[in-house]
Amino acid sequence: MIALLRIIAVAVFAIFMFVFGVGYSLLSPRNPKNVFLVARPFHRMAKIFGYKVELRVPEDVYTRGQHVYIANHQNTWDLFTVSAAITPKTVTVGKKSLVWIPLFGQLYWITGNILIDRFNKTKAKGTIDQVVEKMKSGDASIWMFPEGTRSRGRGLLPFKTGAFHTAIGAGVPIIPIVCSTTQDKLKLNKWDNGHVIIEMLPPISTEGYGKENVRELAKVCRDQMEQKLAELDAEVDALNAGTKTANEAK
């Protein structure tokens, strides 16, 4: 019964966001400002799924200027959790096939997000070059998932270099964002699905890095994110254990 109610709630929400998001974006199609306005409501749905989401971001996050944000990509539920960390004038870079997802794909495109053909290296590189030029000529930031695909419980996957080439080319810092593990923790028929912590790490400078050592930059970022993921998972496990003990004591 709980699962059915959640599915209905998501369906109603998806239709509403499609109508509202597309309608609003038609006033200024593919404007980077649209993404923040449309994406932020998605994370509020986390409560519907029984998640207690804690977002940890610096106080000056909205006044920092341009960055390339990178985040771990676990599963479909990222749409309702990690979206809490998106900042104004930030667009995401996703795979081209997303546009074919009913409602979401069309909304994703018209709000101003960038689609790349990751199976065609030539086209993907051309798109990254365009992203760099777009950052240099404007004030938008970019959000990418450097794993390139959903990890689905396999830990932090190896990083692809697109995000790091983008940051180096645009001359902007990288800000890692880490979400605690959610894979296999969501039970649709369970009211309380525990805690989720999303933390924005300090900026990592790209100064001194070039094409010849882009993988070194990727490793620096991945090492920090892997360590933080382990810390957040340990904290979440402790919080969930405490909640379980308190409920059993009632």
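Proline 173 lies in the loop between α6 and β6 (174–179), where helices (H or I, at least four residues) and strands (E, at least two) are DSSP runs numbered from the N terminus. Setting aside residues up to four places away in sequence, proline 173 touches Gln66, His67, Val68, Pro203, Ile204 and Thr206, contact meaning heavy atoms within 4.5 Å. The model is predicted: local features need pLDDT of at least 70 and side-chain atom pairs count only at pLDDT 80 or more, while totals for chains, interfaces and linings use all residues. Residues are numbered from 1 along each chain as its sequence is written, and side-chain values use heavy atoms, with hydrogens and water left out.

- Proline 173 is partly exposed, with a relative accessible area of 28%; buried means under 20% relative accessible area, exposed over 50%, and partly exposed in between (1.4 Å probe, protein chains only).
- Tyrosine 69 is 104 residues from proline 173 in sequence, yet their C-alpha atoms are 8.7 Å apart in space.
- Glycine 171 follows α6 and has a positive phi, near 70°.
- Within α6 the buried residues are Ala163, Phe164, Thr166, Ala167, Ile168 and Ala170.

**Packing of α5 on α6**

- Two packed helices are described by the angle between their axes and the distance between the axes.
- Helix α5 (residues 121–137) and helix α6 (residues 162–170) have axes that come within 9 Å and cross at roughly 35°; axes are lines fitted to C-alpha atoms, for helices over the stretch in contact, and angles run from 0 to 180 degrees between N-to-C directions.
- The α5 and α6 crossing is right-handed, a term for a near helix turned clockwise from the far one by less than a right angle, with left-handed for anticlockwise.
- On the α5 side the contact is made by Ile128, Val131, Val132, Met135 and Lys136, and on the α6 side by Gly162, His165, Thr166, Gly169 and Ala170.
- By class, the residues of this contact of α5 with α6 are five nonpolar, four polar and one charged; Ala, Val, Leu, Ile, Met, Phe, Trp, Tyr, Cys and Pro count as nonpolar, Asp, Glu, Lys and Arg as charged, and the others, Gly among them, as polar.
- Lysine 136 of α5 is exposed, with a relative accessible area of 53%.
- Apart from neighbours within four places in sequence, lysine 136 is in contact with Gly169 and Ala170.
- The C-alpha atoms of lysine 136 and glycine 169 are separated by 9.0 Å, and the two residues are 33 residues apart along the chain.

**Helix α2 and histidine 43**

- The buried residues of helix α2 (residues 33–43) are Asn34, Val35, Val38, Ala39, Arg40, Phe42 and His43.
- These buried residues of α2 pack against α1 (2–25), α3 (78–81), β3 and α4.
- Histidine 43, placed in helix α2, has a relative accessible area of 15% and is therefore buried.
- Beyond residues up to four places away in sequence, histidine 43 touches Leu79, Phe80, Thr81, Ser83 and Ala84.

**Aspartate 233 in α7**

- Aspartate 233 is in helix α7 (residues 214–249) and counts as buried, at 18% relative accessibility.
- Its contacts, not counting residues up to four places away in sequence, are Ser180 and Thr181.
- Aspartate 233 and cysteine 179 are 54 residues apart along the chain, with their C-alpha atoms separated by 8.9 Å.

- One cavity of 30 Å³ or more is found in a search of the whole structure; a cavity is a set of points, on a 1 Å grid over the protein atoms alone, where a 1.4 Å probe fits but cannot get out.
- The largest cavity holds about 40 Å³ of space, the volume being the space filled by probe spheres set on the grid points, which are joined across faces, edges and corners.
- Arg40, Leu55, Val57, Val61, Tyr62, Ala84, Ala85, Ile86, Thr87 and Met200 line the largest cavity, lining residues having an atom within 4 Å of a point.
- The lining of the largest cavity divides into eight nonpolar residues, one polar and one charged.

- Most residues other than glycine have a negative phi.
- Leucine 103, in the loop between β3 (90–95) and α4 (104–110), has a positive phi near 70° and is partly exposed at 32% relative accessibility.
- Arginine 152, in the loop between β5 (141–144) and α6, has a positive phi near 50° and is partly exposed, with a relative accessible area of 43%.

Key: 1 Å grid on protein atoms, 1.4 Å probe; cavity = no way out; pocket = protein on both sides within 12 Å on 5 of 7 lines; lining within 4 Å.
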